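Colleague: I'm new to this one, could you walk me through a few parts of it?
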Amino acid sequence: MSLTLYNTLTRKKEPFTPINPADVRMYVCGPTVYDFAHIGNARPVIVFDVLYRLLRHVYGEGHVRYVRNITDVDDKINDRAARDYPDMALNDAIRKVTESTAAQFHADVAALRCLPPTVEPRATDNIVEMVGIINRLIANGHAYIAKGEQGREVLFEVSSMPAYGALSNRKLDEQIEGARVAVEAHKRHAADFVLWKESSLSEPGWNGAFVEGGAEVSIYGRPGWHIECSAMSHRYLGETFDIHGGGIDLVFPHHENEIAQSCCAFGRDVMANVWMHNGFLQVEGQKMSKSLGNFVTIHELLATEKFGGRSWPGEVLRLAMLKTHYRQPIDFTVKALEEAEKTLDRWYTNLLGRKLALSSKLDNSIVQSLSDDMNTSLAINHLNDIFRSFKDTPFSRQADGGDIRDDDWAAHALFNARFLGFCEQDPDKWFALKKKNLSVSNEIIQNLISSRIEARRVKNFAESDRLRDELVAMGIQLKDGKDADGNPTTTWEVKR
Ligand SMILES: [Zn+2]
């Protein structure tokens, strides 16, 4: 089975060959923990979770190292901490913001059935590593200390690296012409970026000891964002590793700058062999933004009625996301969630009441689709076919030369579903939870049903139909009948 992946560096699909098949290494940029993660943030977490599962299948569970960082030092965090906890010392407030946001992120992605990465380093635990890399860059002639308006900074000198811009395909001279920011006087080049910046005593900071031209310069300060990922990937994966991933919005400047830092610090041509990026996410055909009012966090989707008037199980969001190829832009809609839920309902229905023996055979069709640059939409179609096939031919599906009984086939479907992160709940629990999660109360349902019975009694059938449609839209299926005395009755159940 050969695995091919699209590489942003070369702009083509290539066969994947790990540096060491016994130790496959992948780094994915994680969240900056100052606010709830939104559904756009969920996409890379889900996409690279599937890749992690696939790599573990191909190379063995103990042979893949997946590192996803937590950025817990950033000016956005400082601002949020000062806003939310004005009476607290800033460092305590920052800890409060980062700890609660990281915990929320973990709860969110667990609900999306994402496996925890092998290592999840925090930026603040890796300051020494960052200062070490910055010193290498100064010593190699790729970085310099300059005094800006906010204090001293260590800056990366982009013109010191001829290959700068290769990932994003931007030439340095074009960047000068197109630079939107005014040239800051202390920078040698407009595109030079911050590695370390001085903090005031009230801002979070660490003592950075740098050596420039033989002299030691001590700057109490904090790291720039890009150096964090160079430091953490180096510490946990080495100077060159196999795969670096993230959202397409990170290609420039974040990933370009990570490459510049890591390659120049360690004298390498390559930081990661394969660079992978997931596409943009829109909501109902529009860019997601707070000003448009269509900004949805993972938590809101899972636990509130903000999106589509109801809450959604994490598996539904996961399936809706994976039905689109990871490199394509995705339009996130209520309709897509409804369709994903219908599919999951069907899968769970097929598993209801079955004795599920252990199975551990991954279907070739699924491995093959995923091996072709992670074609998850095709893999899901195949999974659907597996579920469908045992329903149509309960006792006669041929596999490995023999008949497989229905329950065995269900176990096969279940194993493959779980490989992709689906059907991990007990089927009864799935339907019970859905019933509980209904956004309308029993009382509202009963009132609507009573109104409909009354409408039917006075032969106002238009109104009776309207009420039935309203209930159907809430996921309620009605069943009309008569009681022992011949009076009309209506019972209801949650639509499956
Ligand atoms: Zn990063």
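Predicted model: local features only at pLDDT ≥ 70, side-chain atom pairs only at ≥ 80, totals over all residues.

Colleague: Okay, in what order do the four strands of the open sheet come?
Modeller: The order is β4-β3-β10-β11, and the pairing in this open sheet is parallel.

Colleague: And which strands stand at the edges?
Modeller: Those are β4, residues 64-68, and β11, residues 272-278; each has a single partner strand, so one side of each is left without a neighbour in the sheet. On average, neighbouring strands here are turned by 20 degrees against each other, with direction ignored.

Colleague: How many bridges join β3 and β4?
Modeller: Strand β3, which covers residues 24-28, pairs with β4 over five bridges in the parallel sense, and within this pair Tyr27 stands opposite Val67 in β4.

Colleague: Which helix packs on the sheet?
Modeller: That is helix α1, residues 39-59, which touches β3, β4, β10 (241-247) and β11, and whose direction makes about 175 degrees with that of β3.

Colleague: Switching topic, where is Leu414 found?
Modeller: Leu414 sits in helix α13, which runs over residues 406-419.

Colleague: Is Leu414 buried or exposed?
Modeller: Leu414 is buried, because 24 other C-beta atoms lie within 10 Å, and the cut-off for calling a residue buried is 20 or more.

Colleague: What does Leu414 touch, then?
Modeller: Leaving out residues up to four places away in sequence, Leu414 touches Leu351, Leu356 and Cys423. As for Ser359, which is 55 residues apart from Leu414 along the chain, the C-alpha atoms of the two are separated by 8.3 Å.

How values were computed: Residues numbered from 1 in each chain as written. Pairing = 2+ DSSP bridges. Helix = DSSP H or I, 4+ residues; strand = E, 2+ residues; numbered from the N terminus. Axes fitted to C-alpha atoms, helices over the stretch in contact; angles between N-to-C directions. Contact = placed C-beta atoms within 7 Å. Buried ≥ 20, exposed ≤ 12 C-beta atoms within 10 Å, placed from the backbone.
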